[in-house]
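Me: Please show me the model, and then let us go through its packing by question and answer.

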Amino acid sequence: MSADTPRRIVLLRHAKADWPQVSDHDRPLAERGRKDAPAVGLKLAETGITFDLALCSTAARTRETWKLAVQELPHRPKTLYEERLYEASLGELIALLNETPDDVADLLVIGHNPGMHALADALSGRAEGDTLQRMARSGFPAAAVAVVGFSGTWKSVEHGVGTLLDFWVPQH
């Protein structure tokens, strides 16, 4: 793939988590999260994007979200469980994207806030329609999805490089 290859980064915040007496890393999904995660999978399938790679945080709630969502996809992408996604700063998230192999055109990242919102906002130098306003209005709630498109290599991912193509939040 060349330097002007169109690519997409899809950012997914884990579905609604519960607050039992466990470590933050081990928090499971709440009942609403278990309902929203398959809906997220259907939304991802509707985009028509065939993901080449999924990077998923090692936290229980992200792994559970992905396990329920991926069942709705027509194609199961290679999945890497990445410890560095848990509590990652914006700089750490961009560094992770920069490590993505160049044969990956479409990447799904399943992570946490505030990182997913910060990354979607930072990468989106432009936006289609009202996507940026909708994201700003709603924040980046549990199970939100942002699709950012850009052209170039993964090493070229930096602030403002992309266009926010879509933003979706489950309806309750």
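This is a predicted model: local features need pLDDT of at least 70, side-chain atom pairs count only at pLDDT 80 or more; totals for chains, interfaces and linings use all residues.

Reply: Residues are numbered from 1 along each chain as its sequence is written, and side-chain values use heavy atoms, with hydrogens and water left out.

Me: Is H3 roughly parallel or roughly perpendicular to H4?

Reply: Helices here are DSSP runs of H or I with at least four residues, and strands are E runs of at least two, numbered from the N terminus. Helix H3 (residues 90-98) and helix H4 (residues 115-123) have axes 9 Å apart and pack at an angle of about 70°, where axes are lines fitted to C-alpha atoms over the stretch in contact and angles run from 0 to 180 degrees between N-to-C directions. Angles under 35 degrees count as roughly parallel, over 145 as roughly antiparallel, 65 to 115 as roughly perpendicular and the rest as oblique. H3 is therefore, relative to H4, roughly perpendicular.

Me: How are H1 and H2 oriented to each other?

Reply: The axes of H1 and helix H2 (residues 60-70) cross at roughly 50° and come within 7 Å. The contact, meaning heavy atoms within 4.5 Å, is made by Arg-34, Ala-37, Pro-38 and Gly-41 of H1 with Glu-64, Thr-65, Leu-68 and Ala-69 of H2. The orientation of H1 and H2 is therefore oblique.

Me: Is Ala-15 buried or exposed?

Reply: Ala-15 lies in the loop between strand S1 (6-13) and helix H1 (31-46). Leaving aside neighbours within four places in sequence, Ala-15 is in contact with residues including Leu-29, Gly-33, Asp-36 and Ala-143. Buried means under 20% relative accessible area, exposed over 50% and partly exposed in between, with a 1.4 Å probe and protein chains only. Because its relative accessibility is 0%, Ala-15 counts as buried.

Me: How many residues has the largest nonpolar core?

Reply: A nonpolar core is a set of buried Ala, Val, Leu, Ile, Met, Phe, Trp, Tyr and Cys residues joined through side-chain atoms within 4.5 Å. In the largest one, the residues with the most contacts inside it are Ile-9, Leu-11, Leu-97, Leu-107, Val-109 and Phe-140. Among the elements that each supply at least two residues of this core are S1, H3 and H4. The size of this largest core is 27 residues.
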